[in-house]
Amino acid sequence: MFYGRAKRKHNAANTTMLENLRNIGIIAHVDAGKTTTTERILYFGGSKHKVGDVDDGNTTTDFDPLEKAKGITINSAAVSLEWGDTQITLIDTPGHVDFTAEVERSLRVLDGAVGVFCAVGGVEVQSETVWHQANRHGVPRLCFVNKLDRMGADFYGCVQQMQDKLQVIPAVCTIPAGQDEAFTGVIDLIRMKFWKQDPNDPAHMKYEWTEIPATYQKQAVEWREKLLDAASHACDELLTAILDGHEIPEEMIRKALRIGTLTGKLTPVHCGSSKEFHGVRLLLDAVRDYLPSPADRPPVEGIVPKSKEKVLRKPEASEPFSALSFKTVSEKHGDLVFLRIYSGELRPGEFILNTTTGKQERISHIYRLFGDRRDRLEVAGPGDIVAVVGFKHTATGHTLCSVDQPMLLDEIRFPDPVISQALIPAKNVDETRLAEALGKMVRDDPTLKTKVDAETNQLILSGMGELHLEVSVHKLERDHGVKCTVGKPMVAYRQTLTKPIEFETRYIKQSGGRGKYAVIRMKYEPLSKEARAEWEAQLEEDEKPDPNGIYFVDEIYGGAVPKEYIPSVAAGFRQGCVKGAKYGFPLVDVRATLLDGKSHDVDSSADTFKLAALESFRDAQAHAGLIILEPIMNVVVHAPAQYQGALAGDINRRRGEILNLSSDKGRCMVHAYIPLSELFGYTSDLRNFSSGTASFTMEPSHYAAVKEELADIRQAS
């Protein structure tokens with residue numbers, strides 16, 4: 001028996017039965033073989049006449065030049081194919097943790113997913129991350145254990161890790177006939193047959209079903225029993241047939257697996273080697289047989305914007321139009337907006353409402369995507385994932401709906417950035433052009449953030465990792481023509497006085513005409529943490545604590561300094577705190593007390609007393625001396641217990657103070673205070689020495705003294 005590519009039908013998207021649609025994503029850890037699996041799916045589905053290869057840089061979904069250069073997926077890409085009567089829209093998502101936003105927004109709009117696992121690496125850390133992301137969105141999944149021909153492949157160990165790490169009931173549908181160099185193909189436990197592929201067929205199309213090799217007969221029977229046991233969890237009919245000792249037909253098993261997959265009671269597991277074309281067609285059968293169509297998913301739920309009344313939209317063309325924008329791509333001739341249509345139909349030329357912004361949008365063109373190729377559509381309906389041109393006010397997470405029956409869907413939630421770098425524009429860069437380019441990039445990628453640090457005046461670019469920032473800077477130059485480099489962000493140092501000091505300042509100047517006259521006697525004192533807390537506890541109810549601990553006290557008696565000038569003295573002192581005299585960093589935790597002074601009826605003024613206060617505080621800094629303070633972060637690290645010693649040593653090397661160490665069930669937790677200046681690059685360092693298994697959180701805690709030689713005082717100039 002031989003089996004070729006599925007023949008492509010030439011029907012329009014809107015004529016496809018809803019039950020025959022599948023919107024799926026390929027999710028996994030980096031280098032598990034997602035893109036190669038996608039290429040084989042497209043090849044066997046008839047969408048490509050020549051199969052691509054990641055190593056050759058000619059795959060359909062990794063069409064971005066940077067993806068080709070690095071051999072990784074950076075952007076999620078949509079493709080369409082047909083497998084028999086089933087139309088499949090497939091999104092290949094990145095596996096690198098830096099691009100988790102691409103996975104998050106894809107899972108938000110998909111009906112099902114295929115988790116690809118490397119038979120050598122097993123369930124790796126990013127596999128766990130994307131699996132739990134899919135759990136949050138309630139997306140039914142299949143598993144495909146790939147690379148069974150690789151040295152060190154362990155299919156059964158990988159299945160055990162799925163049980164232990166992902167907490168799933170694996171329904172193993174195919175097992176390998178041999179592993180590593182001995183791998184020859186896959187055994188179908190539903191048919192109880194061996195898929196024998198013709199090694200002499202260069203097109204990899206010819207195969208036949210044969211008897212299971214004697215070497216694997218016992219293993220196949222054992223795993224067939226496990227498959228029936230897992231499937232019986234989802235189907236009482238199958239359970240009854242097993243208990244009664246009846247022959248179990250193939251269709252009954254498939255029915256049970258479909259029920260179990262849709263309800264989340266079990267996860268079908270297939271295996272193979274995508275690079276060698278093994279197991280992919282059986283995986284496509286599983287996508288068709290077990291994963292849901294849009295009709296199998298619950299109606300989408302939203303609210304009516306004004307009344308907040310809950311409303312449901314069924315996946316039917318007769319329902320009012322509703323869709324979610326899950327991705328935007330800025331292009332020279334307008335934005336390309338990716339939509340998942342939940343109900344109703346969409347046609348070029350129509351006006352629809354963006355409920356998130358309250359503005360109407362006009363549809364210019366609708367496309368079905370095939371990597372970087374676009375096929376124009378005249379209509380798109382429920383369940384379709386399409387790209388639209390013509391929008392001007394739509395961003396990721398916005399709801400689009402019919403103008404006369406508005407509804408609002410939940411927005412897509414993205415994680416906050418975890419790493420920042422200074423962005424240094426080239427000398428000839430137009431600032432307006434740079435701002436526009438960054439605005440577009442931040443809108444297209446919600447995990448990318450930019451800001452200008454008010455203290456250091458640096459342009460700060462924040463993202464999910466160093467690779468994420470590297471790619472963003474590359475895109476800034478390639479797509480927007482704005483050349484920038486990145487540097488280490490400056491630390492927001494502070495300073496304070498080393499000791500209390502009291503002295504008089506005489507600000508008297510006469511240069512013809514009206515002179516300047518102000519005499520003030522001031523006391524300046526640094527506030528310790530305890531002293532500051534004690535002082536703030538004594539503040540009046542209408543007085544708010546100063547976030548920087550800068551306080552001014554008026555102790556003038558008898559009008560030595562007229563009341564109208566006292567606010568000017570306070571203003572001069574506070575202005576002097578903004579930028580210190582020696583290093584240029586802001587001052588914190590200082591209390592200034594105005595003790596005495598003198599004024600002149602003609603030559604005194606508010607400006608003169610303000611200038612006197614500025615000079616007074618500058619002199620006070622020189623006489624009392626200054627301490628540089630650095631920001632200290634409250635850091636909590638979680639990792640496997642085996643890394644506890646390495647973590648502690650690394651934190652000590654970073655001048656950190658360990659507050660607490662604990663371990664439980666093979667995991668450890670380290671709580672420490674670490675200077676911010678020592679945490680640049682920590683994300684990458686932590687991933688490297690823990691093989692990507694550790695994670696950390698950090699938040700600002702307090703400021704502490706630092707030796708001058710350890711502070712980057714150059715930035716204060």
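1. Start with helix H3 (residues 100-109). In this predicted model, H3 lies across strand E14 (322-331), strand E15 (334-343) and strand E20 (385-389). H3 runs at about 150° to E14.

2. H10 touches E14 and E15. The direction of H10 makes about 145° with that of E14.

3. Now the sheet itself. It is open and has 8 strands, with antiparallel pairing. The strand order is E17-E16-E21-E14-E15-E20-E18-E19. Strand E17 (359-362) and strand E19 (373-377) are the edge strands, and each pairs on one side only. From one strand to the next, the twist averages 40°.

4. Leu 353 has Cys 401 in E21 as its bridge partner.

5. Back to H10, which spans residues 431-444. H10 packs with helix H11 (residues 466-480) at an angle of about 120°. The axes of H10 and H11 are 11 Å apart. Angles from 65 to 115 degrees would count as roughly perpendicular and those over 145 as roughly antiparallel; H10 and H11 are therefore oblique to each other. The crossing of H10 past H11 is right-handed.

6. Which residues form the H10 and H11 contact? On the H10 side they are Arg 433, Leu 434, Ala 437, Leu 438, Lys 440 and Met 441. These meet Ser 472, Lys 475, Leu 476 and His 480 in H11. By class, the contact has 5 nonpolar, 2 polar and 3 charged residues.

Technical notes: Residues are numbered from 1 along each chain as its sequence is written. This is a predicted model: local features need pLDDT of at least 70, side-chain atom pairs count only at pLDDT 80 or more; totals for chains, interfaces and linings use all residues. Side-chain values use heavy atoms; hydrogens and water are left out. Axes are lines fitted to C-alpha atoms, for helices over the stretch in contact, and angles run from 0 to 180 degrees between N-to-C directions. Helices (H or I, at least four residues) and strands (E, at least two) are DSSP runs, numbered from the N terminus. Angles under 35 degrees count as roughly parallel, over 145 as roughly antiparallel, 65 to 115 as roughly perpendicular and the rest as oblique. A crossing is left-handed if the near helix is turned anticlockwise from the far one by less than a right angle, and right-handed if clockwise. Contact means heavy atoms within 4.5 Å. Ala, Val, Leu, Ile, Met, Phe, Trp, Tyr, Cys and Pro count as nonpolar, Asp, Glu, Lys and Arg as charged, and the others, Gly among them, as polar. Two strands pair if DSSP finds at least two bridges between them.
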